[in-house]
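Please examine the packing of helices and strands in the model shown here.

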Amino acid sequence: MTRLTQQELDPLGAISAWPLTIGAAVIAVGLAVAATIGHDGQVRSLPIAIVAVAFVVAAGAALVYLTHESTAPFTTERMWIVVALSSTAAVAEFASTAGANDYVTDDFGSVVAGVLILGMAPYRPWSSIIAASLAAAVVLGSIAVATSEYAIISAPAALFAIVGMLPVLALGAASAGYSRRITAEIVRWQRVAARDSLSTEAEVRDGIARSVERRQLVVLGRDVLPFLDSVLERGVVEPADRQTAARLARTLRGVLVAHSDATWLSDLLEPAGQTSVDVELHDPTGAAGAMSADQRSALTALLTRLLATSERVRVEVSRDVVDPVARVTIDARIRSVSMPSARRDLQPFFAVSRSAFAAQDARVLRGVVQAGFDYELR
């Protein structure tokens, strides 16, 4: 689980945690401003001090923007951007007070970096968070050692390094602990849900099998058996009997094919087709059955929302003729609603789908929703 994240396993939960990330960014900026004002007597260069605060603002803004569901996922590269900006802010703060920094403990660099790393908890695996914390701690510890030359308190350089690193390491450990615990709980829950899903799927398959048997019996009892009785009574097979036999064979074959082609996707869309929504499904190869549980859940959530707000929904599932890849394409006409409102409404569902499928393209334009998702065939 060293590579798993809450954003990957539970996209909706990560979306719900985003306001907390905003809070972490606001706190970081507030701490930087308060610390700069608090030791203004130690500031040798006001422009550099302002630049230091500006870097904190940039780091907080980057964290908020790059963790939003519209830009998901929050990759390793994005994490290092935030860490680099916050570390640069600490270096700028050191430069602004060089030669006059009496105390290491009132510098904001380490605390700000730790708070921003804490805001990454729902979006990065715990091992990655630890790596970011250690990298930031090396920079901040080095700054603290350099600051010890001007400090009022006389102490070993190692002690200054520990003081400089401690806040970011403590907050980084808390962030990594949250990431590890939440992913472990989600994985545990998914395993339980998967077991229940398998038992439910077996029941559904049994139900389909019984349904096929009932329809076969209906056809046999209503058409086939009377036909065979009439042939036996006559003792002769006439030309018309051959045509009747062929028709009955096609009927039985149609019952079997109709049920063998039925998938979870058709079960989802068929009830909506009986309402005012114009629903159409094309899945000639049955590729929808190859989707994983997460992909089915993400697509179900999106389609359920579209079925509730649209007047027309078209779904097509096709597979590549060469590579083991399939694509589901959705085309929907939503009812009259403002486009900004429609985009805001569907954005969380697109974010969940983006995490579940290998690739996605989605847009909402002039009342039309068009989306495509790629996935590997298992």
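The report below treats a helix pair and then a sheet with its packed helix.

This is a predicted model in which local features need pLDDT of at least 70 and side-chain atom pairs count only at pLDDT 80 or more, while totals for chains, interfaces and linings use all residues. Residues are numbered from 1 along each chain as its sequence is written, and side-chain values use heavy atoms, with hydrogens and water left out.

**Helix pair.** Helices (H or I, at least four residues) and strands (E, at least two) are DSSP runs, numbered from the N terminus. The axes of α4 and α6 lie 10 Å apart at an angle of about 10°; axes are lines fitted to C-alpha atoms, for helices over the stretch in contact, and angles run from 0 to 180 degrees between N-to-C directions. The two helices are therefore roughly parallel (angles under 35 degrees). Residues in contact (heavy atoms within 4.5 Å) include Trp80 and Phe94 of α4 and Leu140 and Ile143 of α6.

**Sheet.** Five strands form an open sheet with mixed pairing, in the order β1-β2-β3-β5-β4; two strands pair if DSSP finds at least two bridges between them. Strands β1 and β4 stand at the edges with a single partner strand each, so one side of each is left without a neighbour in the sheet. From one strand to the next, the twist averages 5°. Strands β2 and β3 run antiparallel and are joined by nine bridges, and glutamate 316 has threonine 329 in β3 as its bridge partner. Helix α10 packs on this sheet, touching β1, β2, β3 and β5, and its direction makes about 150° with that of β2.

| Element | Residues |
|---|---|
| Helix α4 | residues 76–96 |
| Helix α6 | residues 126–147 |
| Helix α10 | residues 293–309 |
| Strand β2 | residues 310–319 |
| Strand β3 | residues 325–334 |

Key. Parallel < 35°, antiparallel > 145°, perpendicular 65-115°, else oblique.
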